[in-house]
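Hi,

Here is the structure I promised to pass on.

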Amino acid sequence: MTEEQVAMASVGSNWAGNLAYGARDVAAPSSVDELAELLQGAGPFRPLGTRHAFNEIADTTGTLVSTANLPEIVEIDADRRTVRVSAAIRYGDLAPRLASAGWALANLASLPHISVAGAVATGTHGSGDKVGSLASAVAGLELIDTDGRRHELRRGDPDFDGAVVSLGALGVVTEVELDIEPAFEVAQTVYEGLDWNEVLGDLDAVTSLGYSVSLFTSWRSADRIDQLWVKHRTDHEERDVPFVRATRPRHPLEGISAEHTTEQLGVAGAWFDRLPHFRLDFTPSNGEELQSEYLVPREHAAAALEAVRGLADRIAPLIHVTEIRTVAADELWLSSAYGTGAVGIHFTWRPVQPAVEAFLPTLEAALEPFGARPHWGKLFTMPGERMPQLYPRWHDFAALRGRFDPRGALRNPFLERLGL
């Protein structure tokens with residue numbers, strides 16, 4: 001093949017296979033200086049992580065920029081309780097290294113196979129009433145802008161809260177500093193057959209049953225929640241759970257083997273072996289799902305879930321499973337938990353994208369009265385005009401984007417649709 005054909009062949013698709021990237025090539029600089037030189041070119045550019053976004057946030061007609069070939073960094077500062085890492089490192093690779101040194105992250109997402117920088121930039125989260133998104137653990141970051149300038153931002157700096165959940169609109173992140181804490185153990189127990197009315201009667205009581213709590217439903221019944229996963233830190237007081245305990249390991253999807261899920265049945269294990277739903281040594285198969293997620297302020301969560309429940313008969317034919325989780329409030333401008341504790345309503349759809357996209361406006365209309373914010377890396381159809389109403393610092397972020405990328409070399413149709 002010619003050099004051009006090789007470049008085109010390497011562009012490929014996203015993790016799910018529902019999006020073929022429109023970029024002309026992928027660049028993977030091996031040094032920060034090489035990255036800075038690249039970004040001073042004509043562009044356009046977009047940062048590329050582990051390709052786990054389900055929409056066009058990382059796409060471009062120009063060059064996708066991967067940091068996977070930059071030198072790997074894992075530097076623990078025990079005094080400051082932080083770890084400095086290279087942007088491309090995956091949580092699943094970082095976690096065991098932290099644990100071997102006696103440290104932990106406060107939380108992890110359901111899948112540990114995503115990169116730190118990609119998860120942070122899109123506001124990805126785990127679960128827990130008192131635990132923030134993965135982005136809330138960021139204490140500092142380094143990025144290279146499209147003039148080749150290096151920026152080091154630390155918590156407390158004027159631009160920091162705007163630069164963490166950045167949608168890849170400010171530059172290419174090369175390093176991230178994360179808060180850490182002493183390693184801990186978690187025991188995970190699954191409960192079955194919960195009643196929606198009972199749960200919605202006191203949702204806070206259910207989500208506070210553990211350090212991390214997830215509800216799963218297939219919507220095949222508008223009255224029943226299929227499973228409740230409670231992850232309990234063994235160094236915290238354990239709560240009594242008034243539901244029926246599963247007697248065998250469960251997968252979130254009915255009828256699927258639990259062999260690749262993290263250990264259940266109340267057996268304690270290392271934090272990184274329990275906080276994700278799936279084991280670190282298991283790579284999920286591609287192309288079998290699509291995802292959307294909307295996060296609503298906690299005070300509206302029960303009403304929002306009732307509205308979704310009213311669409312159960314339309315959701316059920318399209319869905320694999322819905323997961324409901326909580327996230328603590330933060331002050332990051334484009335975080336879906338900005339200024340409020342949030343409840344995430346996550347939809348893992350069947351791979352029927354035209355039908356899913358045709359239904360999303362109906363779902364979003366049902367959630368609109370409750371201030372639902374979309375997950376930036378998943379499928380949604382909300383117009384850009386809605387964003388300033390949902391994010392009080394939206395215009396501040398737009399100004400920040402203009403300062404960091406004045407020539408618009410990082411813009412793409414996704415950002416343009418949002419008005420950025």
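Before the notes, one definition: I call two strands paired if DSSP finds at least two bridges between them. Helices (H or I, at least four residues) and strands (E, at least two) are DSSP runs, numbered from the N terminus. This is a predicted model, so to speak of local features I needed pLDDT of at least 70, and side-chain atom pairs count only at pLDDT 80 or more, while totals for chains, interfaces and linings use all residues. Residues are numbered from 1 along each chain as its sequence is written, and side-chain values use heavy atoms, with hydrogens and water left out.

Overall, the protein has 13 helices and 19 strands.

Now the parallel sheet. It is open, with three strands in the order β1-β3-β2. β1 (25-27) and β2 (45-48) are at the edges with a single partner strand each, so one side of each has no neighbour in the sheet. The twist averages 30 degrees from one strand to the next; axes are lines fitted to C-alpha atoms, for helices over the stretch in contact, and angles run from 0 to 180 degrees between N-to-C directions. Four bridges link β2 to β3 (residues 63-66), and F45 sits opposite T63. Helix α2 (residues 32-39) packs on this sheet, touching β1, β2 and β3, where contact means heavy atoms within 4.5 Å.

The antiparallel sheet is open too, with five strands ordered β4-β5-β9-β7-β8. Its edge strands are β4 (74-77) and β8 (150-154). β4 and β5 make a hairpin with four residues between them, and R81 in the turn has a positive phi of about 55 degrees. V83 in β5 stands opposite I76, and its bridge partner in β9 is L178. β5 (residues 82-86) and β9 (residues 172-179) pair over five bridges. Helix α3 (residues 91-100) packs on the sheet, touching β4, β5 and β9, and its direction makes about 40 degrees with that of β4.

Cheers
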